[in-house]
Amino acid sequence: MLPNIFNTDMDDDQTLIRSRSGRGSSKPTRLKHLALKRVAGETTHVDINVLTRVDFGSNADEFNSYLGVVSRERFSILINSWDDVLEVDQNMLWEDVRVSFTLLLLSYNVF
């Protein structure tokens with residue numbers, strides 16, 4: 001039987017697994033501060049250059065982390081590309097992003 005490495009109560013088997021890897025297990029990012037802002041009705045501003053399709057500004061990293069968390073929660077790792085995601089699921093993700101972020105789409109090169 002394999003030990004449950006996600007259990008917070010560590011036994012001897014789990015201690016052995018952690019000592020072999022050299023690090024403790026990392027916890028998944030949940031971005032709780034964004035959830036709190038969402039409940040309060042606040043959004044986070046993100047700038048996006050539509051020519052290069054790159055986000056920038058002080059909240060770009062937070063935006064990218066959010067996209068990663070939401071996509072890992074909703075989509076299978078077995079999906080090869082965005083084109084394989086059902087349109088209904090794409091729309092749900094888009095609405096989720098629009099509730100949490102205010103996107104400013106820039107059509108000129110700012111760099």
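Reader: Why is Arg98 called partly exposed?

Author: Arg98 has 48% relative accessibility. Buried means under 20% relative accessible area, exposed over 50%, and partly exposed in between (1.4 Å probe, protein chains only); Arg98, at 48%, therefore counts as partly exposed. The model is predicted: local features need pLDDT of at least 70, side-chain atom pairs count only at pLDDT 80 or more, and totals for chains, interfaces and linings use all residues. Residues are numbered from 1 along each chain as its sequence is written, and side-chain values use heavy atoms, with hydrogens and water left out.

Reader: What makes Arg98 and Glu95 a salt bridge?

Author: A salt bridge is a side-chain nitrogen of Lys or Arg within 4 Å of a carboxyl oxygen of Asp or Glu. The N to O value for Arg98 and Glu95 is 3.2 Å, so the pair meets that definition. Because they are 3 residues apart in helix α4, about one helical turn separates them. Glu95, with a relative accessible area of 40%, is partly exposed.

Reader: How many salt bridges does a search of the whole structure find?

Author: The search finds 2. Asp96 forms one with Arg74, the closest N and O atoms being 3.3 Å apart. This pair links distant parts of the chain, 22 residues apart: Asp96 is in helix α4 and Arg74 in helix α3 (residues 60-74). Helices here are DSSP runs (H or I, at least four residues) and strands likewise (E, at least two), numbered from the N terminus.

Reader: Is Asp96 buried or exposed, and what is the accessibility of Arg74?

Author: Asp96 has 8% relative accessibility and therefore counts as buried. Arg74 has 39% and so counts as partly exposed.

Reader: Which side chain makes a polar contact with that of Asp96?

Author: The side chain of Tyr66 does, at 3.0 Å. A polar contact is a pair of N or O atoms within 3.5 Å; within protein, one must be able to donate a hydrogen and the other to accept it, and residues adjacent in sequence count only if both atoms are side-chain atoms.

Reader: Which residues touch the most other members of the largest nonpolar core?

Author: Among them are Tyr66, Phe63 and Val97, in a core of 13 residues. Such a core is a set of buried Ala, Val, Leu, Ile, Met, Phe, Trp, Tyr and Cys residues joined through side-chain atoms within 4.5 Å. Its largest share, 4 residues, comes from α3.
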